[in-house]
Amino acid sequence: KEVTDLQTIKTTCAYCGVGCGIQATVSPSQRTVEVKGDPEHPSNFGRLCSKGSALAETLDLSSRLLEPQIYGRPASWDDAISMVASKFQQVIDEHGPDAVAFYGSGQLLTEDYYVANKLMKGFIGSGNMDTNSRLCMSSSVSGHKRAFGSDTVPNCYEDYEHTDLIVLVGSNTAWCHPVSFQRIRQAKENNPNLKVVVIDPRKTDSCDIADLHVPVKVGSDVALFNGLLAYLYQENALDQDYIDQHTEGFDQAIQAAQLDAFNVATVAEKCRLAPHVVETFYRWFKETNKTLTLYSQGVNQSSSGSDKVNAIINCHLATGRIGKEGAGPFSLTGQPNAMGGREVGGLATQLAAHMEFSEQDRDIVQRFWQSDNVTDKPGLPAVDLFDAVADGKIKAIWIMATNPVVSLPNADKVKQALQQCEFVVVSDCVAHTDTLDLAHVKLPAAGWSEKDGTVTNSERRISRQRALLPLAGNAKPDWWIITQVARKMGFENAFPYETPVDVFREHARFSGFENSPEQRLRSFNISGLAEITDEQYQSFPPTQWPIVSSDALQDINNFENTKRLFAEGGFFTPTRKAKFVAVEHRAPKNAPDANWPLILNTGRLRDQWHTMTRTGLSARLNQHKPEPFVEITSADAQANGLEQGQLALIESQWGKMLARVTVTDRIAQGEIFVPMHWTDQFSSHSRMGGVVNPVVDPVSFQPESKHTPVRISAF
Ligand code: SF4
C-alpha cells in the first residue's frame with residue numbers, strides 16, 4: 001500500500017522498561033525517521049534518553065538479515081517454515097515434546113510472545129518456553145507472587161512526584177532507566193523535602209542526586225532490609241492496622257528478621273557498612289510515610305534475589321506503604337516488554353495468562369485454547385535449558401530476538417551447546433550475532449520501526465509499538481513467523497491470526513476467561529479490550545492495566561484506570577491477604593578464595609543496550625565508552641600489577657575475557673566491575689557472560705550475575 005510521505009506516528013522506545021513514548025516523523029519512501037519524545041505519553045512526557053533519541057541512527061539496512069537462510073543458503077519463507085516445522089515435529093515424534101525448546105526475549109512484542117507461548121505450552125505440549133527475562137526480573141516475579149499471590153507492580157511513575165523518600169536499591173537508574181532518573185531529579189528539584197537514598201556497592205552516577213549512599217556489600221541486601229524491619233518493629237513504627245487487616249505471616253517474618261539482623265551493629269557488620277549510614281537510612285525510612293523503594297538488577301540478579309525482593313516488600317507491608325500515592329515497593333523492569341511477556345506466561349515457570357501448572361489452571365487453559373495437549377509441568381528455566389541443550393536432551397531450539405551466547409552466564413558452555421545441537425533456529429533482525437552465526441536456519445524478523453503490536457512497561461502501562469516503515473527486505477513479524485510454523489505443524493485452527501490485533505483480542509479475552517471482576521482470580525485482566533476494533537487498536541493510547549470493563553473502549557482516552565493497587569488490601573491470595581515471607585541472609589553461593597580473590601560485578605552502560613546489536617550501530621552512542629573496560633580500585637590494581645589504560649585478563653573458573661583497566665575509587669576494594677554489552681563481534685575476547693558463574697536463585701532461577709569470584713592480571 002502506498003503511504004503518503006512525512007507522517008507523524010506515535011510509537012514506543014525499543015529499549016528499557018521505562019517504556020517511553022516516541023513521536024516519529026517518517027518518510028517511508030526515503031526510509032528516514034526522526035524521533036522525539038511524545039509529550040503526551042504519561043511515562044515520559046516528551047523526555048528521551050541518549051539511547052532512545054538515537055533510535056533513528058540504528059535503522060540502516062546494511063546490518064540487517066533480509067532473507068531466510070537454511071544452512072547458510074538463501075531460502076524462501078515456504079522452505080524455511082517447512083524446514084523448521086518438519087524438523088521440530090521429527091524431534092518431537094522421536095524424543096517427545098520436552099526435546100524441543102523456545103528461548104524468547106523481552107524485546108518481543110506481547111503478540112509475538114502470546115503466539116510462541118501458545119504453540120509451545122498449548123500445542124507442542126512442553127513447558128520449554130523461557131526467555132531472557134529470566135536474567136532480568138524473574139526474582140521480582142517470584143517475590144511478587146509469594147507476597148501478593150500475583151505478579152503485580154502496585155505503584156506507578158506518578159509516585160515519583162508525590163513521594164518524600166526514594167530508596168534506589170541495586171539500580172543505577174541514571175544509566176539504566178534514564179528517563180525515570182530525569183523525572184526523579186526534577187521531582188527532587190520541585191520538592192525540597194524529597195530525599196534519595198542509593199543502596200549500591202558502587203558509587204554510580206545515580207549517586208549524583210543521593211542524599212545518602214549506602215555502599216552495601218554485594219549480596220547482603222536481605223540483612224539490610226531484615227535489619228530495617230527489626231528496627232521499625234523496635235521503634236513502634238509499624239502500621240498494625242494494615243498488618244492485622246491485610247496480611248499474614250508477620251510473626252514469622254519479624255522473628256526471622258530479628259534473628260538475622262537484630263540491631264544496627266549486626267547489620268553494619270554483615271553489610272560492610274558504617275553504623276551511622278545504616279542508622280540514617282533506617283531513621284529516614286521510619287520518619288517518612290511517603291516512601292518509594294525502587295529496585296532492579298542489583299536485587300534480582302542474585303542467588304538470593306527472590307528473598308531480597310521479599311525483604312523489601314516485607315518492610316512496605318509492615319508500614320502499610322503499598323499502592324499509596326508516593327509509597328510502595330516498585331520493581332523497575334529491565335526490558336521494554338518483560339512485563340508483557342509475563343502477562344502471557346512467557347516464562348518456563350508460568351503456564352499462560354498469569355496461570356500456573358495447577359490442575360485447575362491447566363483445565364482453564366485447555367478449555368480456552370481447546371487443546372488437550374496443554375503441558376502439565378513447568379519447563380526448564382534459561383540456565384537449565386541450555387544445560388539440557390549441552391547434554392543433548394534438547395535437540396531442537398528456536399531462539400527469538402536474543403543473544404544467549406553473549407548474555408547467559410557460563411556463556412562458553414552455551415556456545416558449545418549450540419555448536420553441538422542437532423537443530424538451531426534463530427530469528428533476529430540483524431545479520432550477525434554470536435548466536436545467529438551458529439544457527440542452521442536463520443529467520444529475518446521485523447525490527448523496531450517495522451514491528452506492530454503492544455508492550456507493557458514497569459508501571460503496567462500497555463503502549464503501542466507501531467510500524468513506521470515497510471518491512472525490510474523479506475523480514476516478517478515474529479508473530480507471523482511463529483503462526484506459519486504452527487499451521488505447518490498441523491495447528492491451523494488454533495492459529496488463525498492474520499494481523500497482530502487478532503492476537504491481541506484473543507490475549508485480552510483470555511485474560512478475563514473465568515476471571516470476572518467479581519471472581520478476581522488473576523491480577524492481569526484486560527478483558528475490557530476483548531472486542532477492540534482494528535481502528536481502536538490502531539489509535540490505542542498508553543493505558544495501565546487492569547482494564548476489566550468494555551466501557552473503557554467507549555472512550556479509552558478518559559478511562560479511569562487503576563493507577564495503584566493494594567492500598568486497601570485485595571491481594572490475589574486465597575485469603576485476599578498479602579503474605580510476609582520470612583527470609584534470612586545467605587551469602588552468594590561462590591565465595592572468593594586465594595585462587596579467585598576478587599568479586600566480579602556486572603551491569604549496563606548509559607549508552608548501550610544488551611549485546612549492542614542495535615546501539616552498537618550508532619557512532620554517537622559508541623563514543624560514550626568505546627571499548628570494554630574493567631573498573632578496579634588503585635590498591636587492587638597495584639596488587640595485581642595493573643596500570644590505568646592497560647589491557648587486563650579477567651579469569652574465573654568458567655572462562656576469561658579481556659578489558660581495559662579503569663582505576664577508580666567508585667568501587668570497593670576486592671570488587672571489580674565490567675559492563676555486560678560487548679561481544680566477540682564488537683571486540684574479540686570480550687564476552688563477559690563467559691566469565692560469569694552459572695549459579696541461580698533457587699526460587700526464581702535467576703542467575704547470580706553480580707557476584708563471580710575472579711582473578712585479574714596484565715595481558
Ligand atoms: Fe528508551 Fe528507556 Fe531511554 Fe526511555 S529511558 S528513551 S525507554 S531507553
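Two strands count as paired if DSSP finds at least two bridges between them. Strands here are DSSP runs of E with at least two residues, helices are runs of H or I with at least four, and both are numbered from the N terminus. With that in hand, let us start with a strand pair: β12 (residues 291-295) and β13 run in the parallel sense and share four bridges. Within this pairing, Tyr-295 stands opposite Ser-331 of β13.

Before going further, please note that this is a predicted model, in which local features need pLDDT of at least 70 and side-chain atom pairs count only at pLDDT 80 or more, while totals for chains, interfaces and linings use all residues. Residues are numbered from 1 along each chain as its sequence is written.

Strand β13 (residues 328-331) is covered on both faces, with Gly-328 and Phe-330 buried on one side and Pro-329 and Ser-331 buried on the other. Buried means that 20 or more other C-beta atoms lie within 10 Å of the residue's own; 12 or fewer makes a residue exposed, anything in between makes it partly exposed, and the C-beta atoms are placed from the backbone.

**Domains**

The bounds below come from an automatic or database domain assignment.

| Domain | Residues |
|---|---|
| domain 1 | 7-61 |
| domain 2 | 69-135 + 338-488 |
| domain 3 | 138-332 |
| domain 4 | 598-694 |

The C-alpha centres of domain 1 and domain 4 are 29 Å apart. Seven residues of domain 1 and nine residues of domain 4 take part in the contact between them, where contact means C-beta atoms, placed from the backbone, within 7 Å. On the domain 1 side, two of these residues are nonpolar, two polar and three charged. In this scheme Ala, Val, Leu, Ile, Met, Phe, Trp, Tyr, Cys and Pro are nonpolar, Asp, Glu, Lys and Arg are charged, and the others, Gly among them, are polar.

Strands β1, β2 and β3 form an open antiparallel sheet in the order β1-β2-β3. Its edges are β1 (7-12) and β3 (32-37), each of which pairs on one side only. Six bridges join β1 to β2 (residues 21-27) in the antiparallel sense, and Gln-7 has Val-26 as its bridge partner in β2.

Which residues come nearest the ligand? Of the 14 around it, they are Cys-13, Cys-16, Cys-20, Cys-49 and Gly-52; a residue is near if its C-beta atom, placed from the backbone, lies within 6 Å. Helices α1 (50-53) and α6 (178-190) each give two or more residues to this shell. Domain 1 and domain 3 each supply at least three residues to the shell, and its classes are nine nonpolar, four polar and one charged.

**A covered helix and a loop residue**

Helix α19 (residues 478-488) has eight of its eleven residues buried, including Trp-479, Trp-480 and Ile-481. Among the elements that cover these buried residues are α2 (77-95), α3 (110-124), β15 (423-428) and α20 (500-512). After α19 comes Gly-490, with a positive phi near 105°.

Ile-556 sits in the loop between β19 (543-544) and β20 (578-579). Why does Ile-556 count as partly exposed? Because Ile-556 has 18 C-beta neighbours inside 10 Å. Leaving aside residues up to four places away in sequence, Ile-556 touches Phe-540, Pro-541 and Thr-543. Pro-541 is 15 residues from Ile-556 in sequence, with their C-alpha atoms 7.4 Å apart in space.

Notes
Contact = placed C-beta atoms within 7 Å.
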